[in-house]
Each structure stands twice: as C-alpha cells, then as structure tokens.
Amino acid sequence: MNTIKFEPSWMPKTETHDVEKYSINQMEIGGKMRDIYSNVGLTIYVTNRCNSDCMFCMNKFEDNFLCSKEIMDDDEYLERLDYILRLLKPINPSVMITGGEPTKARRLPEVIKLVHKYGYVLRSFSTNGTGLLDFVDGKMILQYMYENNFLNNINISRHAIFPEENYRIMKTKGDLTNTQLCEIAGFCAGHNMRVRMGCTLQKDGVCTLNQMLQYYSHYEDLGIDTVVFRELIPIDITKKGSDEYQKLFVDISQIHDVICKSSEFIYSNTLDGLYYNVELFHYQDKLVKYYREKNTASPEIIRDLIFYADGRLVDTNWNDVSKTLLDYERRV
C-alpha cells in the first residue's frame with residue numbers, strides 16, 4: 001500500500017532504512033521453525049466489533065478476519081493474549097493495535113497494560129477515535145494510554161473534512177465532533193503524545209492534491225499536525241462488492257507526479273527502506289513523504305504477525321487462511 005505523509009519538518013525520522021542491517025531470526029511457532037525479520041511487527045485485534053461501517057473496510061474482504069469468531073469472554077481473551085505476548089517476547093515485535101474499533105472494547109485498558117507489562121514498543125494504534133475520551137473504571141482511555149507509554153502514532157481515521165461528509169463515508173455511530181478532536185489533540189499535546197489523522201483516498205472523497213492540502217490545513221487548525229493519506233488496499237476481484245470497491249480507487253502515484261511537477265514542493269532525498277522507498281519533499285514548513293511499497297521480501301519470511309480476536313496467530317499473507325501459525329481451542 002502506497003502512502004503520502006505530511007508532518008512538521010522538526011519531527012524525528014522514524015522510517016526503517018539501511019536494508020542490510022536487518023537479520024533473519026528463527027523461532028519455533030506451532031511446532032515448526034519460522035524465518036522472521038528482526039524488525040517484525042505484531043498486529044493485535046482487540047475486537048471484531050465496530051461502530052463504523054466503511055464500505056471499503058478491508059475486514060469486509062479479508063478471509064482471515066471473516067472467519068474469525070471473537071472470544072467474547074474478556075478473561076479468556078486476555079489469558080490468550082498474555083500467552084502470545086510471552087511466546088513472542090524473544091523476537092520482540094513492535095505492536096500495532098486495531099479492530100473493529102478498539103476504543104469501544106471494555107477489555108482495551110487491560111490489553112494496553114499487557115503490552116506495557118512485556119515491554120513491547122507500540123508502532124501504531126488505529127481507531128476512529130470515538131472512544132478515546134471514554135471512561136472505563138473511572139479513567140479515560142487516553143489516560144490509560146499515557147500511563148502505559150502509548151505515546152506515538154495514535155492514528156485517527158477520518159476520510160473527509162466536514163462531519164456530515166465523513167458520516168456519509170464511515171457511517172460512524174457517535175462520530176467525533178471538532179470540539180472532541182480538539183480535546184483529544186490538547187490532551188496529547190499536554191502529555192507528550194503524538195496523534196495523527198489517517199485518510200483513505202477515494203474517488204467520492206479526498207482524491208486530489210488540493211483536497212489533501214485542505215484536509216491537512218483543517219486538522220492542523222484543530223491541533224493535529226501529522227496526516228497520512230493511503231491508497232485502498234488491492235483486493236481479490238472475485239470478492240462480492242469488489243466492483244464498487246475498485247471504482248473508488250485513487251492511484252496515489254499520480255498525486256506524487258503532481259507533487260514532483262509543483263514548484264511548491266522541493267525534493268530533498270530518497271531513503272531505501274526495508275519495505276518502502278521513501279521520497280522526501282519540503283512544502284512550506286512541512287515535510288512530505290511519499291512511500292512506495294517494495295515487493296522484494298520472500299513470502300516465506302514473516303515480516304508481520306497478526307493476533308486475531310479469536311485467539312489465532314497468523315502471518316502476513318492476508319488472504320490465505322492456510323497461513324495460520326498457531327490455532328486456538330476455545331474453552332468448553
């Protein structure tokens with residue numbers, strides 16, 4: 001998936017580069033030795049349930065998610081997650097948290113505590129943001145995140161500027177207001193936390209460079225100074241609904257071409273990443289980064305692991321259910 005990110009010029013660089021410095025580790029999972037990149041990631045599905053209904057959501061097309069039957073008992077889910085986190089600690093993956101909508105799951109504070117307990121680094125936290133200000137047992141979700149060192153890359157998905165337009169696209173029950181977004185941004189700024197907006201480009205939404213700049217300016221005014229724009233992820237064209245999905249696709253490389261031709265964007269340099277090539281441009285007081293995905297990794301080497309809400313541990317081949325590494329037998 002190719003992306004374009006806008007961020008302040010002073011932001012520390014977080015890109016993975018210098019391909020040659022990464023090694024391949026081996027670990028036994030499910031009775032078999034696996035080859036795993038030394039900078040492997042672990043995506044944790046806190047829940048399958050979501051209060052949004054985005055037509056383009058990958059969970060509607062991805063086989064492993066569709067066959068996932070969530071562990072509804074919180075204690076059972078947390079016991080299984082604890083086991084997985086202990087199992088994987090020797091390879092120490094960075095963690096990505098997602099769902100469903102994780103902030104609407106009552107188990108989220110305990111998930112946050114478990115990740116912190118084992119000393120994992122958070123790579124990203126994906127949310128529509130609607131539960132970040134919610135209180136669980138007398139404490140706000142954002143406060144749990146702060147106390148457990150969830151300080152970076154809290155990614156709030158919104159795909160339009162105006163609330164009514166965002167609701168048309170996401171159909172989120174209890175969608176965030178601008179006032180709530182300002183409150184989230186203020187809390188994060190006051191607690192040394194980094195929050196960013198995530199926008200999926202689509203033909204009936206944000207789809208041009210000018211619209212991207214308007215989007216960025218709007219959320220910067222609300223106190224959020226980093227935005228990531230993404231392409232729709234390619235899906236199996238035989239899937240139900242794939243025709244409508246494909247009609248929404250915006251080729252971000254064409255926007256990159258506009259950036260390259262614009263006198264307002266000054267090319268800086270290119271990083272050769274492990275999974276991406278990253279072109280850097282200066283725009284006013286911003287840094288603009290164009291990430292172009294590389295397809296050089298061997299399919300036999302695991303670069304990311306997924307813990308589904310049904311207790312399975314799966315590798316990164318998203319559309320192949322045979323890639324389950326560790327199954328889970330539910331309690332009777």
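This is a predicted model: local features need pLDDT of at least 70, side-chain atom pairs count only at pLDDT 80 or more; totals for chains, interfaces and linings use all residues.
A salt bridge is a side-chain nitrogen of Lys or Arg within 4 Å of a carboxyl oxygen of Asp or Glu.

**Entry 1: salt bridges**

I looked up Glu 220 and found it in a salt bridge with Lys 286, with the closest N and O atoms 3.3 Å apart. The two sit in distant parts of the chain, 66 residues apart: Glu 220 is in helix 7 (residues 209-221) and Lys 286 is in strand 13 (residues 286-293). I checked how open each one is. Glu 220 is partly exposed at 31% relative accessible area, while Lys 286 is buried at 7%.

Lys 247 counts as exposed at 55% relative accessibility, and Glu 244 as partly exposed at 45%.

Arg 292 is partly exposed at 34%, but Glu 279 is buried at 14%.

I also found a network: Arg 49, Glu 70, Asp 74 and Arg 107 are joined by salt bridges that share partners. The whole count came to 23 salt bridges.

How many disulfides does a search of the whole structure find? I got zero. I looked at Cys 199 and saw that the closest cysteine sulfur, in Cys 207, is 10.0 Å away, so that is too far for a bond. Cys 199 is buried, at 0% relative accessible area. Cys 260 has Cys 207 as its closest cysteine too, but at 19 Å between sulfurs, again too far for a bond. Cys 260 counts as partly exposed, at 43%.

**Entry 2: helix 2**

I ended on helix 2 (residues 74-88), which has 15 residues and reaches 21 Å from first C-alpha to last, close to the 21 Å expected. At its start, a side-chain oxygen of Asp 73 comes to within 3.2 Å of the backbone nitrogen of Asp 75. Its buried residues include Tyr 77, Leu 81 and Leu 85. The buried residues pack against several elements, among them strand 3 (32-45) and helix 3 (108-117).

Conventions. Residues are numbered from 1 along each chain as its sequence is written. Side-chain values use heavy atoms; hydrogens and water are left out. Helices (H or I, at least four residues) and strands (E, at least two) are DSSP runs, numbered from the N terminus. The expected span of a helix is 1.5 Å times one less than its number of residues. Buried means under 20% relative accessible area, exposed over 50%, partly exposed in between (1.4 Å probe, protein chains only). Contact means heavy atoms within 4.5 Å. A polar contact is a pair of N or O atoms within 3.5 Å; within protein, one must be able to donate a hydrogen and the other to accept it, and residues adjacent in sequence count only if both atoms are side-chain atoms. A disulfide is a pair of cysteine sulfur atoms within 2.5 Å.
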